Amino acid sequence: MLGRDHALSGALVFTALGPSLHVTGTHLAAGVVLAAGAGVLPDIDHPDSTIARCFGFLTEAFAWVVAKISGGHRHGTHSLVGIAVFTLGALAAGTYQISGGRIPGHAVFSWHMLPAGLYLALLYSAALRALHIGGHHGDLLGIGGALVTCYTAWDMIMLPVGHWHVPLLALATGLGCAAHIAGDELTHGGCPLFWPFYAHEFHLVPRPLQITTAKMGENWIVFPLLIGALVLAAWHATGHPLLCASYPGSPERR
Ligand SMILES: [Zn+2]
């Protein structure tokens, strides 16, 4: 799928889950953009991908290294192992950030913010680039967003997932990567979910329904569906219940 649609799918998943995660306002906005960036993160295994072009030769060289380690395009980064590595990387960066004396919601600069800051800058910039927002200034906006997010520690806000509490950055990363893999499983290529143990490429739909990247099926069906679903999910997540079920912040729940 195109980077644009991968980013939209990541944004859609986080927005749709927003009410059940009890995340609103700036935290919801940050999570949606980060999940959009994570929606193109698995393609960091290809030097010509949207995310690999974010910071020029730096990210292109990184993508080259990732491709070598993960067995090439659409291998390791498009598997359950890939989702786990990206999510645990985000978790480790956030844990290191907090170990520098950072308390979510309390603003202090520290070198411990560097790994999380780089992660955030990459995801923000990738999201803006994939969605064609900001043009050449998109990367600067991404770096600015990463600084603000690190400074305020929004990325380490804990969100409820079942019996656990997961930092926003790690959750957005995991959801975005999962959305990417689901998107690629709609295409003819599929994804090797159980790499490196089992090379079989999994698909979500039977062959006649599988799409080809950037062709009619993606541009005239997948893209409009993603936009429509994202608008509805955003409407719901910002306090306008679509169904009779009450929203966490609605008056009847107060
Ligand atoms: Zn991909």
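Which residues lie nearest the centre of the largest pocket? In this predicted model, local features need pLDDT of at least 70 and side-chain atom pairs count only at pLDDT 80 or more, while totals for chains, interfaces and linings use all residues. Residues are numbered from 1 along each chain as its sequence is written, and side-chain values use heavy atoms, with hydrogens and water left out.

I44, F62, V66, F86 and L122 lie nearest the centre, among 23 lining residues. A pocket here is an open set of points on a 1 Å grid over the protein atoms alone, where a 1.4 Å probe fits, with protein on both sides within 12 Å along at least five of seven lines; lining residues have an atom within 4 Å of a point. The lining comprises 17 nonpolar, six polar and no charged residues. Helices α3 (57-70), α4 (80-99) and α5 (114-130) each supply at least two of its residues; helices are DSSP runs (H or I) of at least four residues, numbered from the N terminus.

Turning to the metal, the zinc ion has as protein donors D43 (OD), H78 (NE2), H180 (NE2) and D184 (OD), 2.1 to 2.3 Å away. Donors are N, O and S atoms within 2.8 Å of the metal (3.2 Å for Na, K and Ca). Along the sequence, the donor residues follow the spacing D-x34-H-x101-H-x3-D. Distant parts of the chain are linked by D43, in the loop between α2 (25-38) and α3, and H180, in helix α7 (residues 168-184), 137 residues apart. D43 counts as buried because its relative accessibility is 13%, where buried means under 20% relative accessible area (1.4 Å probe, protein chains only). H180 is also buried, at 0%.

Methods:
Nonpolar A, V, L, I, M, F, W, Y, C, P; charged D, E, K, R; others polar. Buried < 20%, exposed > 50% of the residue type's maximum accessible area, 1.4 Å probe, protein only.
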